[in-house]
Amino acid sequence: AALLLLSSSAAQAQEGEPVVIDSVVAQVNGDVVMLSTVKREVKDAVDAFKQQGAPEQKALEEVTRRQPELIASLINELLLVQKGKELNMTEDVETEVNREMLRVMTAQGFKAISEMEEAMRREGIDPTTIRSTLRTQFMKNAVFSREVDAKIYFGVSQAELKKYYDSNRDKFRKPEVVTLSEIYLSLAGKPEAEVRARAQQLLTQLRGGADFGTIAAASSERLDPGGNRIAMQNKGVVGTFPLPDLKTEFVNAMKNVPVGGVTDLIRSDEGFQILRVDARTPASDPKAFDENQVREAITVERRDKERAEYLKNLRKEAYIKLAPEFQATVGPLLTTGAPATGATSSTTNKAEADGSKKP
């Protein structure tokens with residue numbers, strides 16, 4: 001865990017001290033989480049916040065605050081990848097990665113993977129990194145699916161299924177579905193009173209009969225990843241969603257809004273929104289008991305807790321050693337919440353008591 005990567009033997013600081021280019025944040029069995037990986041994840045998270053309209057300094061502060069959670073997540077991720085390899089999932093996952101790359105190639109109109117990858121490089125995107133990211137994500141999903149979700153799904157008895165269905169009939173109603181358009185005004189770098197006044201002015205125009213699509217194209221500030229205003233292309237159309245999938249504040253705002261109507265102003269941390277209800281499909285009762293549907297509902301309800309327990313057990317069985325500067329902040333996140341003690345959290349106790357497990 002004391003590994004230092006230097007630019008060369010001649011890379012020196014003042015008075016001959018070595019310049020640290022990278023260092024180990026955590027050792028996880030035979031693998032490591034490097035500081036460079038953490039920095040890359042931090043940058044990606046900051047960029048994501050900025051794309052949502054957050055000022056750079058605020059985005060950096062928020063991501064820095066969450067850095068211990070990010071490191072803990074990378075450790076969990078590494079454990080899942082290791083488990084997937086142990087379960088011989090590598091070949092199946094690679095097939096999924098190739099299938100996804102082919103899907104993107106076709107959707108983007110390329111004739112060959114090599115042609116698409118060359119275009120990616122011209123845009124500053126590394127195809128190897130994209131493949132690695134996909135590989136990790138698919139491996140995590142595969143492990144959770146086999147080791148957790150499938151065991152919940154197939155482990156429920158017929159009696160439990162019937163009891164759950166009878167007690168939760170509302171869950172099996174087909175939910176109301178709405179199609180929405182939006183106008184979004186960002187607060188980034190602007191006084192709130194000014195943005196609110198502008199949003200209220202637009203709302204007044206809409207309720208006075210102005211065309212929503214025209215107003216959205218001219219005023220909505222939602223950006224795509226390339227920094228272009230989305231509404232200039234789609235006139236504010238967002239899409240179609242089951243009502244339960246939407247945030248509570250949106251559901252409440254739309255409660256008494258008829259088709260074609262617009263909501264009051266909706267305030268979020270990032271800005272103000274006005275939603276138009278383009279269409280509604282009412283909720284409906286299920287036609288009959290559907291065993292697979294009930295199994296799926298039980299799985300969705302239980303899987304977060306069961307996945308967390310599965311990760312907890314993986315950590316207990318693993319050798320995890322944090323660099324000293326991360327022990328106090330990351331260590332507790334790797335346990336059940338107890339304060340970190342000693343060199344690492346209790347996740348390393350089993351390994352450190354067993355010399356044969358040390359790398």
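The second largest pocket of this predicted model has a volume of about 370 Å³. It is lined by 15 residues, and Glu182, Arg222, Lys247, Phe250 and Gln273 are the closest to its centre. A pocket is an open set of points on a 1 Å grid over the protein atoms alone, where a 1.4 Å probe fits, with protein on both sides within 12 Å along at least five of seven lines; lining residues have an atom within 4 Å of a point. A volume is the space filled by probe spheres set on the points, which are joined across faces, edges and corners.

Residues are numbered from 1 along each chain as its sequence is written. Local features need pLDDT of at least 70 and side-chain atom pairs count only at pLDDT 80 or more, while totals for chains, interfaces and linings use all residues; side-chain values use heavy atoms, leaving out hydrogens and water.

**Second largest pocket**

- Strand 4 (177–186), strand 5 (237–242), helix 11 (248–254) and strand 7 (271–281) each give two or more residues to the lining of the second largest pocket. Helices (H or I, at least four residues) and strands (E, at least two) are DSSP runs, numbered from the N terminus.
- Strand 4 gives the most to this lining, with three residues.
- By class, the lining of the second largest pocket has seven nonpolar, three polar and five charged residues. Ala, Val, Leu, Ile, Met, Phe, Trp, Tyr, Cys and Pro count as nonpolar, Asp, Glu, Lys and Arg as charged, and the others, Gly among them, as polar.

**Largest pocket**

- The largest pocket holds about 1100 Å³ of space.
- Its lining has 35 residues, and Arg40, Glu41, Glu77, Ser132 and Thr133 lie nearest the centre.
- At least two lining residues come from each of strand 3 (31–34), helix 1 (35–51), helix 3 (67–86), helix 4 (90–107) and helix 6 (127–154).
- Helix 6 supplies the largest share of this lining, 10 residues.
- The lining of the largest pocket divides into 11 nonpolar, 12 polar and 12 charged residues.

**Packing of helix 4 and helix 6**

- Two packed helices are described by the angle between their axes and the distance between the axes.
- Helix 4 packs with helix 6 at an angle of about 125 degrees, and their axes are 9 Å apart. Axes are lines fitted to C-alpha atoms, for helices over the stretch in contact, and angles run from 0 to 180 degrees between N-to-C directions.
- Helix 4 and helix 6 are therefore oblique to each other. Angles under 35 degrees count as roughly parallel, over 145 as roughly antiparallel, 65 to 115 as roughly perpendicular and the rest as oblique.
- Residues of helix 4 that meet helix 6 include Val93, Val97 and Met101, and those of helix 6 include Leu134, Phe138 and Ala142. Contact means heavy atoms within 4.5 Å.
- This contact has eight nonpolar, two polar and five charged residues.

**Packing of helix 1 and helix 2**

- Helix 1 and helix 2 (residues 56–65) pack at about 135 degrees, with axes 9 Å apart, and are therefore oblique to each other.
- Val42, Ala45, Val46, Phe49 and Lys50 in helix 1 meet Glu56, Ala59, Leu60, Glu62 and Val63 in helix 2.
- The contact of helix 1 with helix 2 consists of seven nonpolar, no polar and three charged residues.

**Packing of helix 3 and helix 12**

- The axes of helix 3 and helix 12 (residues 291–317) are 10 Å apart, at an angle of about 80 degrees, which makes helix 3 roughly perpendicular to helix 12.
- Asn76, Leu79, Leu80 and Lys83 in helix 3 meet Tyr310, Leu311, Leu314 and Arg315 in helix 12.
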